[in-house]
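Me: Take me through the salt bridges in this model, please. I want the pairs, the atom distances and the exposure of each partner.

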Amino acid sequence: DYQQAAADAFEGVAGSGGSGVLVLPCGAGKTVIGLGVLEKQQCECLILTSNATSVGQWIAGLTDKTTLDPSQIGEYTGQKKEVRPVTVATYQILTHRRSKEDEFEHMRLFNERNWGLIIYDEVHLLPAPVFRATADIQATRRLGLTATLVREDGCEQDVFSLIGPKRYEMPWKELESMGWIAKVDCTEVRVAM
């Protein structure tokens, strides 16, 4: 029910939604929520994530939990360069350039496409100086997913200006008490430095 509530909160009341951020703890099913939003939008989608393992997890989720044909799902990484109606890529590949003075080699390809939705997995990474360039890719709507908005550089608020407001948050203690995520046991271990 909380996954449905998160997807509905992104959608907004009577279609008044736009773009925004959903904050849920690890293991809460942010990928499933993203798939739910994509299902409601019925549009071309770019999914950006932090590493190749996450790309594989998103593709597995798309293949397993949707009716999309595998030929409609593209992987854009260092290993493959497929742009399809639903494309999963890493922040790193989109912001790759040979030197600081050069243009991003792959960005133009993604700017030429009419994305209906961009899903920013681990959206708390977006304010990083290089990754924030991906926020310039044209899209009708933007969805940010994260377990935490905390950043060491204090740029948490930049996420909202780049993506949109926080539309939903589910505290981990609530999910823990409902049995949806494992009980958390925190232990402090001090080590000599």
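Reply: Start with Arg190 and Glu188. Arg190 is exposed, and Glu188 is exposed too. Exposed means over 50% relative accessible area, buried means under 20%, and partly exposed lies in between (1.4 Å probe, protein chains only).

Some ground rules. This is a predicted model, where local features need pLDDT of at least 70, side-chain atom pairs count only at pLDDT 80 or more, and totals for chains, interfaces and linings use all residues. Residues are numbered from 1 along each chain as its sequence is written, and side-chain values rest on heavy atoms, with hydrogens and water left out.

Now the pairing. Side chains of opposite charge can pair when their charged atoms come close. Arg190 and Glu188 form a salt bridge (a side-chain nitrogen of Lys or Arg within 4 Å of a carboxyl oxygen of Asp or Glu). Their closest N and O atoms are 2.8 Å apart. By this rule, the count is eight salt bridges.

Another of them joins Lys166 to Glu169. Here the closest N and O atoms are also 2.8 Å apart. Lys166 is partly exposed, at 40% relative accessibility. Glu169 is partly exposed as well, with a relative accessible area of 45%.

Then take Glu82 and Arg84. These residues form a salt bridge with closest N and O atoms 3.8 Å apart. Glu82 has a relative accessible area of 22%, so Glu82 counts as partly exposed. Arg84 has 27% and is likewise partly exposed.
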